[in-house]
Amino acid sequence: MGKIVKNIAELVGHTPLFEFVNYEKENDLKATILGKLEYFNPSGSVKDRAALNMILAAERDGLLKPGDTIVENTSGNTGIGLAAFAASRGYKLTVFLEPGQSVERQTMLKAYGATLKFLPEAPGVAEALQNGTFSTEFYQEALQKYCDEQPTRHYFINQLANPANPGVHYEHTGPEIWEDADGKVDIIVSAPGTAGTITGLAKFFREKNPDVKIVAVQADKESRAGVGENPQTIDGIAPFGDEGFPDALKAPFIVGFDYDECIDVKGEDAYAAGRQIARADGVFLGQSAGAAIYAATLLAKRQENAGKNIVAILADNGMKYLSTNMYME
Ligand SMILES: Cc1ncc(COP(=O)(O)O)c(C=O)c1O
């Protein structure tokens with residue numbers, strides 16, 4: 001194509017919209033499942049979009065200067081994206097990881113030169129976890145405090161409250177899907193973590209098609225990170241519509257968010273859907289992507305959805321989950 005790429009920022013977005021034709025046939029589906037293959041982004045996940053957009057916004061606003069340190073709390077993929085862009089743009093990165101991250105994610109972060117810490121290392125977090133006062137608001141304040149206490153410039157990029165996170169999906173991911181699907185998008189299926197993806201897409205698609213259905217996918221209670229020693233968890237996502245889960249622990253973007261349905265998926269069903277997709281269509285998916293496919297399949301089997309286009313956001317691929325039960329069997 002006669003185009004030499006000089007910066008990984010040029011490789012973000014324009015990911016393929018893929019129809020799983022063999023999987024549809026195997027499952028006798030009467031609806032179309034279109035997967036947005038977000039692992040085509042340069043560090044391998046949907047979070048490259050938010051990571052780059054948040055950095056660009058901070059650069060525009062004069063909040064980041066070369067040599068500064070970016071700080072973030074992340075379940076892994078945002079950190080990996082930030083680490084890649086920080087490396088290529090001359091920033092340092094410190095990430096505070098939530099417990100229960102796969103070994104591959106931690107190894108990747110180190111490869112890009114990031115400094116790894118665990119969330120309980122942030123000021124006051126260990127105590128708050130112990131005495132039950134921990135909340136998303138609390139740890140956002142704790143990370144801001146951590147930045148303020150450092151002797152050099154540290155910038156808390158804060159994907160949980162940063163409008164550049166959902167904004168990038170409204171401005172780019174949504175329009176890409178709309179264009180590739182020729183404007184026929186009936187249902188969006190997305191497994192939220194910060195909910196940047198689902199809230200940005202919901203805003204875009206509700207403007208385009210008032211009848212669109214926005215479906216969130218969450219791990220069922222037994223398949224959540226941090227729940228016992230259960231190895232069949234779905235990494236990278238957070239409880240969404242669960243009434244029993246306190247708002248104070250939910251991602252702020254989803255509190256009060258208007259969605260049509262939330263589907264609970266068991267880890268074992270997400271894993272099985274991912275394995276089936278690998279064998280049917282040769283696409284190798286991660287855990288939340290497997291969950292999105294499983295939920296999309298349930299929707300595709302409903303009579304009322306025959307003939308509809310169901311778009312599933314597939315956040316990453318299976319490479320970071322090789323050591324988990326998804327692909328170890
Ligand atoms: C594997 C995976 N799936 C889904 C998500 C959710 O994306 P969002 O934060 O935009 O809701 C994440 C976020 O980190 C993720 O890592």
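Select helix α7, residues 164-180, together with α8, residues 196-208. In this predicted model, the two helices pack at an angle of about 50°, and their axes are 7 Å apart. Angles from 65 to 115 degrees would count as roughly perpendicular and those under 35 as roughly parallel, so α7 and α8 are oblique to each other. The crossing in which α7 passes α8 is right-handed.

Next, go to the ligand. Which helices each supply at least two residues of the shell around the ligand? They are α3, residues 77-89, and α8, residues 196-208. Select the shell itself: 20 residues lie around the ligand, and G193, T197, G236, S288 and A315 come nearest. Colour the shell by class and it shows twelve polar, six nonpolar and two charged residues. Colour by domain instead, and at least three shell residues come from domain 1 (8-45 + 163-328) and at least three from domain 2 (47-156).

Zoom in on β4, residues 92-97, and its partner β5. Four bridges hold the place of this parallel pairing. For a landmark, pick T94, which stands opposite T115 in β5.

The last stop is the sheet of six strands. Which order do its strands follow? The order is β1-β2-β10-β7-β8-β9, in an open sheet with mixed pairing. The edge strands are β1, residues 17-19, and β9, residues 261-265, and each pairs on one side only. From one strand to the next, the twist averages 25°.

Within this sheet, select β7, residues 187-190, and β10, residues 309-314. The two strands run parallel and are joined by three bridges.

Technical notes
Residues numbered from 1 in each chain as written. Predicted model: local features only at pLDDT ≥ 70, side-chain atom pairs only at ≥ 80, totals over all residues. Near = placed C-beta within 6 Å. Nonpolar A, V, L, I, M, F, W, Y, C, P; charged D, E, K, R; others polar. Domains from an automatic or database assignment. Pairing = 2+ DSSP bridges. Axes fitted to C-alpha atoms, helices over the stretch in contact; angles between N-to-C directions. Parallel < 35°, antiparallel > 145°, perpendicular 65-115°, else oblique. Left-handed = near helix turned anticlockwise from the far one by under 90°.
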